Amino acid sequence: MRNAPNRQVRHVPAGREYLTFRLGSEEYGIDILKVQEIRSYEPPTKIANAPAYLKGVVNLRGVIVPIVDLRVKFNCVNEEGQTDFNSFTVVIVLNVRGRVVGAVVDSVSDVMQLSEQMIQPAPEMSHSVIDTSYITGIANVSDRLLILMDIESLMSSSEMGLINALTPA
């Protein structure tokens, strides 16, 4: 077993504000500075041969925005393998490396400021089992765990293919 002191929280600036949201029964947080707006869900125009998590595109004030369903991406689906849409389902419109991308989540919870003491490193797991490279840390907030996500890294990943990783930040 590795020594815990060698592990560090990655990419998490202390004292930053995070938008918290739910995917299934889990709560996640992303840097509030990446959030452009929060919109109610409206069915996007589908794109042929797109992966299941890419729901399609919408026209947002003249900008064509790809819509990613994070619930599908992270396998937060019901017994039938489907996602439910209700009045709490929203799209978080993100500005990532100069590109606008929409992320579908089950609900938005809160905006909270996290201190360095509240954030622990993400557990190390084999990449063949689960990819934790987008998890920057775990925050313990009021006896619940908040998974902090590097949304820029996720959207820039070669798997997602939404944002050119070489685009200047």
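These questions and answers cover strand pairing and salt bridges in a predicted model.

Author: Residues are numbered from 1 along each chain as its sequence is written. In this predicted model local features need pLDDT of at least 70 and side-chain atom pairs pLDDT 80 or more, while totals for chains, interfaces and linings use all residues; side-chain values use heavy atoms, without hydrogens and water.

Reader: Why are β10 and β11 called paired strands?

Author: Strands here are DSSP runs of E of at least two residues, numbered from the N terminus. Two strands pair if DSSP finds at least two bridges between them. Six bridges join β10 (residues 135-141) to β11, so the pair meets the definition. The two run antiparallel, and G137 stands opposite L148 in β11.

Reader: What makes β2 a partner of β11?

Author: Three bridges join β2 (residues 26-31) to β11 (residues 144-149), and these strands run parallel. G29 stands opposite L148, and Y28 has I147 as its bridge partner.

Reader: Why is the contact of K34 and E152 called a salt bridge?

Author: A salt bridge needs a side-chain nitrogen of Lys or Arg within 4 Å of a carboxyl oxygen of Asp or Glu. The N to O distance for K34 and E152 is 2.8 Å, so the pair qualifies. K34 lies in the loop between β2 and β3 and E152 in helix α2, so the bridge ties together parts 118 residues apart in sequence.

Reader: How do you know whether E152 is buried or exposed?

Author: Buried means under 20% relative accessible area, exposed over 50%, and partly exposed in between (1.4 Å probe, protein chains only). E152 has 13% and therefore counts as buried, whereas K34, with 23%, is partly exposed.

Definitions and conventions
Helix = DSSP H or I, 4+ residues; strand = E, 2+ residues; numbered from the N terminus.
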